[in-house]
Amino acid sequence: ARAPDADSRLVPPGPDPEAAMAAGVEVALPAAPALGLLEDWSPPEDCAPGKMPVVGQNECQWLATPCPDSPEGTTAWPADLPEGALRFVSPGGTGDGLTKHTPMGSIQLAVNAVPAGGTVVLSTGRFVENVAIHREVNLQGVCARDTILEADGAIPAVAWDDLGDDDPTTHSWDAEFWADAYVLLLAGPSTSAIADLQVTGDRIGILATQHALEVRGVWIKETKISGFNAYVGSLHAEGLAVTGIRSSHVHAEAGSPYAYGEGIMLEQVPDPVVQRTSSLRRVWIHNTGTDGLQLFGSRDGTPGMLQYSLEDIVSEGAGQDAYGGTGLAIGRGSAQLARLYIRNVRGDAGLRCHGCTLTGAQVVIQDSTAVSGLHVHDGDNADEGASVSLSDVRIQDISPATALRGPLEGDTLKFGF
């Protein structure tokens, strides 16, 4: 592949670089990629609870707010309280929630009580409940290690398919299922901010629909079906960790079984008025059942379609179940990357572009048992070709197959390896 210039297009025209060379196409090797912070970097291992790998850092870092060094058994509150109306909640609280000294004991009751635009302030401790937010309400914890929202019960049995048996590995796209399959739900055309807490349990971690959501310092740990699932709205996240997501169900659609288990899945539909953009910065995804990060939308430049900005993303261990997965999958959306690190993927590809528009720099994909390091193919419709322009890319130690797959007819690619 030639280094990108103003007029360059990826050669080869065939399915992989070896086919290009066999066809007599000249393959020039440019200088080594300028990987910046990714040069000779690998994520630190065994981060302590509440910490995560951050691109360029040799030691694990706090997701956002450092956890306090409080004596065991004591209750701590966020050091900096937001402005506006507040309701305070602490496990076992019995008060009205108007002060830290009279906390309520239920997050849901506090969400219902606080005025619109207000914040529910959470102490340290474990809150066992499923919470639904349908308006402009914020959640503020102490830190991702010490403020824990845990699912109250497993995914409801109403979700199982009527297949003539009691196999809990299958389920339908039943609306009743999605309505009660979450630990934290944010629904409706509103705006919320979630900060400094952990979400865990045998349900979808966070489910957001038609919601504009800001996330800071949130750890989604060992949930089922999906860690973070967002539809139609937008997400702006910084300091987000999603780890140990399990594939609880398999859904057979169009004769093709599929296992859930995505770390983060963002999906958009056309909007004739709003041009939506989602951004992810300082994100760590570790050990997911299927894809680490899924982004779906429509082509770049079309009014009302979703665009993504990704910066300092680490995706490790995607595809832990039998169906495999992808470190980052982008379908029919536009994404701009800056510093993406993918490793230990098992399944389809390190990075897959399905009819997407992808630009960016400093990408490392390595140490994976996958069909390809980078897989580019056109979309479902005839006019959905893929366009990929990346510079400073390293793809290495991908087995048993090739570093690159694609392009199909109509796809445009530029690379700088």
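The torsion about the S-S bond of Cys-47 and Cys-60 is about -80°, so this disulfide is left-handed. Cys-47 sits in the loop between helix H1 (17–22) and strand E1 (51–52), and Cys-60 in the loop between E1 and strand E2 (61–62), so the bond ties together parts that are 13 residues apart in sequence. The sulfur atoms of Cys-47 and Cys-60 are 2.0 Å apart, where a disulfide is defined as a pair of cysteine sulfur atoms within 2.5 Å. Both Cys-47 and Cys-60 are buried; buried denotes under 20% relative accessible area, exposed over 50%, and partly exposed the range in between, with a 1.4 Å probe and protein chains only.

The model is a predicted one, in which local features need pLDDT of at least 70 and side-chain atom pairs count only at pLDDT 80 or more, whereas totals for chains, interfaces and linings use all residues. Residues are numbered from 1 along each chain as its sequence is written, and side-chain values use heavy atoms, with hydrogens and water left out.

A search of the whole structure finds three disulfides. Another of them joins Cys-67 and Cys-143, with sulfur atoms 2.0 Å apart. With 105° about its S-S bond, the link of Cys-67 and Cys-143 is right-handed. Cys-67 belongs to the loop between E2 and strand E3 (86–89) and Cys-143 to the loop between E7 and E8, so this pair ties together parts that are 76 residues apart in sequence. Cys-67 is buried, with a relative accessible area of 12%, and Cys-143 counts as buried at 0% relative accessibility.

Cys-353 and Cys-356 also form a disulfide, again with sulfur atoms 2.0 Å apart. The torsion here is -120° about the S-S bond, and the link of Cys-353 and Cys-356 is left-handed. Cys-353 and Cys-356 are both buried. When the bonded cysteines are counted along the chain, the disulfides of the protein follow the pattern 1-2, 3-4, 5-6.

The protein has three helices and 24 strands; these are DSSP runs numbered from the N terminus, helices being H or I with at least four residues and strands E with at least two. E9 is mostly covered, with 16 of its 19 residues buried. Strands are taken to pair if DSSP finds at least two bridges between them. E9 pairs with strand E10 (residues 204–221) in the parallel sense over 15 bridges, and Ala-193 stands opposite Glu-214 in E10.

Other strands also run parallel to E9. Strand E6 (residues 131–133) is joined to E9 by three bridges, with Val-131 opposite Leu-184. Strand E7 (residues 138–140) has two bridges to E9, and Gln-140 faces Ala-195 as its opposite residue in E9. Strand E8 (residues 147–150) pairs with E9 over three bridges, where the bridge partner of Glu-150 is Thr-200. In a regular strand the side chains alternate between the two faces of the sheet.

For the protein of 417 residues, 54% count as buried. Among contacts between residues at least 6 apart in sequence, 60% join residues at least 24 apart, a contact being heavy atoms within 4.5 Å.
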